[in-house]
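Please open the model in your viewer and keep the selection tool at hand. The tour below goes from one selection to the next and says what is there each time.

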Amino acid sequence: MDIQTWTWLLVVSTFSLYIGIAIWSRASSTGEFYVAGKGVHPIANGLATAADWMSAASFISMAGIISFSGYDGSVYLMGWTGGYVLLALLLAPYLRKFGKFTVPDFIGDRYYSDKARIVAVFCALIVSFTYVAGQMQGVGIVFSRFLEVDITTGVIIGMVIVLFYAVLGGMKGITYTQVAQYCVLIFAFMVPAIFISMQMTGIPIPQLGFGSAGADGIYLLDKLDGLHSALGFHEYTSGSKSKVDVFFITAALMVGTAGLPHVIVRFFTVKKVSDARKSAGWALLFIAILYTTAPAIAIFARINLIETVSNRSYSDMPDWFNKWETTGLITFNDKNNDGIIQYVADKETNELQVNRDIMVLANPEIAKLPNWVIALVAAGGLAAALSTAAGLLLVISSSVSHDIIKKIINPQISDKGELLAARLSAVVGVCIAGYFGIHPPGFVAAVVALAFGLAAASFFPAIVLGIFYKRMNKEGAIAGMVVGIVLMLFYMVKFKFGIFDGGKNAVDSLKPDWWFGISPEGFGTVAMFVNFAVAIIVSNFTSPPPKEVQDLVDNIRIPYGAGNATH
Amino acid sequence: MEKDIQQKYWKENLKYLAILLFIWFLVSFGFGILLVEQLNTIKIGGFKLGFWFAQQGSIYVFVILIFVYIKLMNSLDSKYEVND
């Protein structure tokens, strides 16, 4: 069978599976819609969290980013896994004990203030919308590249599927489809990696393979460092970012991960506090399988790419090269007209541009793997994008129906009415996300990376202080969140968009002005510390929180008596 | 529940957190970033040690840390009889 047939077969069968699960797990109450009735098994929740967390970016782009940046790519590997330690130790068990439905619920109740709740809703919506647009775009890209439908059709197919199971099943439907999606995506990620590791090193475990030697007896990493310096790139295992920046970016990604509402809310779905801890452990284990494989793929793909193209004649390029050239992901410009590909670090003489997504999407073709493996990557990419999109949509719909309508506008609304509102806002959310997926605003890619900074600068300190610092009051928390997020937004527009200095073109020339040499991606860490400092100072100059709030804090610190979710 | 039992439970919990978060910091920010050049002079197989911590080792330790935490907290919960 050819690649196309295989791809259709796998995509149609996985999509039918998701729809089947959705019909089987319909939600009949708000409790089921928001938190799956709080009855999810910790291992199932771990699987669902892993799929929820690993987005189109993790699946399609991350290995490629590492492949092109070498050691610098470690910020994503450590940042996007280390955050789970913070989540497990500092947030998940206590938020589960608190026992409500959403993150703004916690902020609003702990800081006894609808103002705080609104600030939290606002932050949750910004973070989730920027993120979800990227997922829908990912769906469109996979469809257009593997199935030759145009991006718009691809996004619409994706929208219909997500709509179906997110609107019908809410958190309950999402949870069980995410379990299935994890299995699909991890299989799709691992199979090519294992094949390639076998090919290049004879070792079937990629995590060990990339530290071993190839057929010529040279360690892969040494070989790659050598290739890199011969072509003028920085040494693969050393990187080019400053140490300070690597430190701050890693910290911002870790803290941001722990502060993302669609991840936090998954821990509300288990039965007990101890189950919340357990599911964090399982989630990280399942995530680690992909995250420890990605750097191996990065290295295999990098060596394969350089050896296939560098100083080879253009007319001898294999089929995949021409195929990806037509999609514009590879461009070759024969500057010196010698018919040979010069792939070097120097921008003046370099003749080849390679999009980073190719490292995963085309990797099986580059390694000449069977057609069904190539098709598997498409199904995996779709599973990763759809599972994350669904989780984000749930945060968006619950923010509107629960935090705004039920808690602020109309507290008398019936459970049925609230459920209907939740479904309607999910529909609206899907449509907006789809629109941005089809017409991606130029800033989406930049903002997704900064969503972590925003989450780090706003939610994380407010939640941690809410649990670990009983004296924290609403004045302190609100001041901290507002100052943190404003500072982060200011730094972002100044150094990422160059708004005060003449726009996008000025961005590179502003680098020497970075505060303490920290890039906008790493600045979330600074904004987080400022948030902590402002919150603590302000709260010490204002009156302590009321007695019942202090009792609430005592209560969430103890696992005993974690009942079902209440309104 | 009595106040002082609650406080003792919380104090032990904080002690565990401090130890585990110290290790968390050490393997990622310590070995993977701050000390990476020094550790890169040591090689295990084809891996430079600092690079290995940054792209592999720290992640394995993170997973182990959470499972150790689960075990510690489960026994702490039973010791103070605050399990749910």
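A residue is called buried if 20 or more other C-beta atoms lie within 10 Å of its own, exposed if 12 or fewer do, and partly exposed in between, with the C-beta atoms placed from the backbone. This is a predicted model, in which local features need pLDDT of at least 70 and side-chain atom pairs count only at pLDDT 80 or more, while totals for chains, interfaces and linings use all residues. Residues are numbered from 1 along each chain as its sequence is written, and chains are lettered from A and ligands numbered from 1 in the order in which they are written.

**First stop: I23(B)**

Select I23(B), which lies in helix 1 of chain B; helices (H or I, at least four residues) and strands (E, at least two) are DSSP runs, numbered from the N terminus. Because 16 other C-beta atoms lie within 10 Å, I23(B) is partly exposed. If residues up to four places away in sequence are not counted, I23(B) touches V61(B) and L65(B), where two residues are in contact if their C-beta atoms, placed from the backbone, lie within 7 Å.

**Where the two chains meet**

Next, show both chains together and look at their contact, which takes 35 residues from chain B and 43 residues from chain A. On the side of chain B that touches chain A, helix 1 (3–34), strand 2 (47–48) and helix 3 (49–79) of chain B each supply at least two residues. Which element of chain B gives the largest share of that side? The answer is helix 3 of chain B, with 16 residues. Coloured by class, the side of chain B that touches chain A has 22 nonpolar, 10 polar and three charged residues; here Ala, Val, Leu, Ile, Met, Phe, Trp, Tyr, Cys and Pro count as nonpolar, Asp, Glu, Lys and Arg as charged, and the others, Gly among them, as polar.

**A buried glutamine**

Select Q135(A) in helix 7 (residues 114–147) of chain A, which is buried because 27 other C-beta atoms lie within 10 Å. The C-alpha atoms of Q135(A) and S55(A) are separated by 7.0 Å, although these residues are 80 residues apart along the chain. Leaving aside neighbours within four places in sequence, Q135(A) is in contact with S55(A), A56(A), A385(A), T388(A) and A389(A).

**Two residues with positive phi**

Most residues other than glycine have a negative phi. With that in mind, select N337(A), which is not a glycine and yet has a positive phi of about 50°. N337(A) is found in the loop between strand 1 (330–332) and strand 2 (352–354) of chain A, and is exposed because 6 other C-beta atoms lie within 10 Å. Then select K368(A), also not a glycine, with a positive phi of about 60°. K368(A) sits in the loop between helix 16 and helix 17 of chain A, and is exposed, with 12 other C-beta atoms within 10 Å.
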